[in-house]
Amino acid sequence: MRTIPVFAVVGILTSTVSAAPLVDVDLGIGAWAPGISGKINASNDQKIDLDKDLGLEADKGLYLYAEVDHPIFFLPDFKVRYQSLVADGSGTVNVTTEYAGVTLNKDEKVDTKFDLSYTDFILNYELPVPSVDVDLGANFRWVDGKFTANDESGNVSIVLPMAHLAAELQVDSISLALGGEYNFLPLGDGSSVSDYNVYAKYYLPLPGSFIGRLGVELGYHDFTMDVGDEVFGADTAKYASNVTAKGVYMGVAASF
């Protein structure tokens with residue numbers, strides 16, 4: 001269900017790009033193969049290790065994105081992205097505790113599924129930097145996930161307003177683009193969310209009549225979320241955790 005809005009945006013953009021020659025559109029789809037590590041209830045003495053205790057392993061996750069640059073200088077450009085991030089496994093917990101409203105009992109064997117899939121809605125402006133495309137803006141990340149242990153489950157849903165910085169260098173002589181992106185949100189009290197990726201895109205030689213460019217991309221993506229017992233005075237103890245997912249991704253990219 002979460003992917004439907006992003007697919008809808010992609011469909012609208014690809015159907016209208018030929019009618020708006022001053023609008024640049026970048027599209028991408030592929031898979032991310034992350035490893036996942038960290039702890040839940042990481043801010044107190046009842047820590048549960050995602051790997052050692054729960055045996056969690058991350059699935060290969062679908063990603064897709066659409067980015068639009070337009071010539072209306074006072075309106076921000078925008079990007080929409082979806083990233084699937086799901087891990088599951090079996091293990092035995094070593095303490096009795098609770099996470100996201102789900103009770104975990106000491107010495108209990110549990111089958112666990114941890115879903116931190118998210119959608120990014122980014123508004124940004126391009127900075128006047130010679131030779132490099134630099135974007136600065138805000139990323140509103142909607143984490144719409146769930147934590148499930150045996151037959152009990154709880155929602156892990158939150159909107160994270162993050163700072164967004166991206167840069168890309170076009171090497172036209174060899175049809176290559178090199179870039180990176182950084183999203184960051186300091187939450188206070190030692191809590192934070194950070195996300196970065198670096199990538200290379202190679203565009204295939206296509207006939208001159210083709211309206212855009214088609215290629216492949218390869219990159220590395222690192223997403224870390226550190227949440228304590230309290231964030232800006234709000235009680236977040238039931239979500240206290242330190243989770244990192246990182247690994248390579250590969251996909252298909254198109255530019256119009």
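Modeller: Begin with Tyr 220, which is partly exposed at 30% relative accessible area. Partly exposed lies between buried (under 20%) and exposed (over 50%), with a 1.4 Å probe and protein chains only. This is a predicted model: local features need pLDDT of at least 70, side-chain atom pairs pLDDT 80 or more, while totals for chains, interfaces and linings use all residues. Residues are numbered from 1 along each chain, and side-chain values use heavy atoms, without hydrogens and water.

Biologist: How do I read a ring pair?

Modeller: A pair of aromatic rings is described by the distance of the centres and the angle of the planes. Centres of Phe, Tyr or Trp (six-membered ring) lie within 6.5 Å; under 30 degrees is stacked, over 60 edge-to-face, the rest tilted. The structure holds nine such pairs. Tyr 182 and Phe 184 are stacked, at 6.0 Å and 15 degrees. Tyr 196 and Tyr 220 are tilted, at 6.4 Å and 45 degrees. Tyr 196 sits in strand 14 and Tyr 220 in strand 15, 24 residues apart. Strands are DSSP runs (E, at least two residues), numbered from the N terminus.

Biologist: Which residues have the most contacts inside the largest nonpolar core?

Modeller: In soluble globular proteins, nonpolar side chains tend to be buried together. A core joins buried Ala, Val, Leu, Ile, Met, Phe, Trp, Tyr and Cys through side-chain atoms within 4.5 Å. Here the largest has 39 residues, and Ile 40, Leu 54, Phe 114 and Phe 147 have the most contacts inside it. Strand 18 (residues 241-255) gives the most to this core: four residues.
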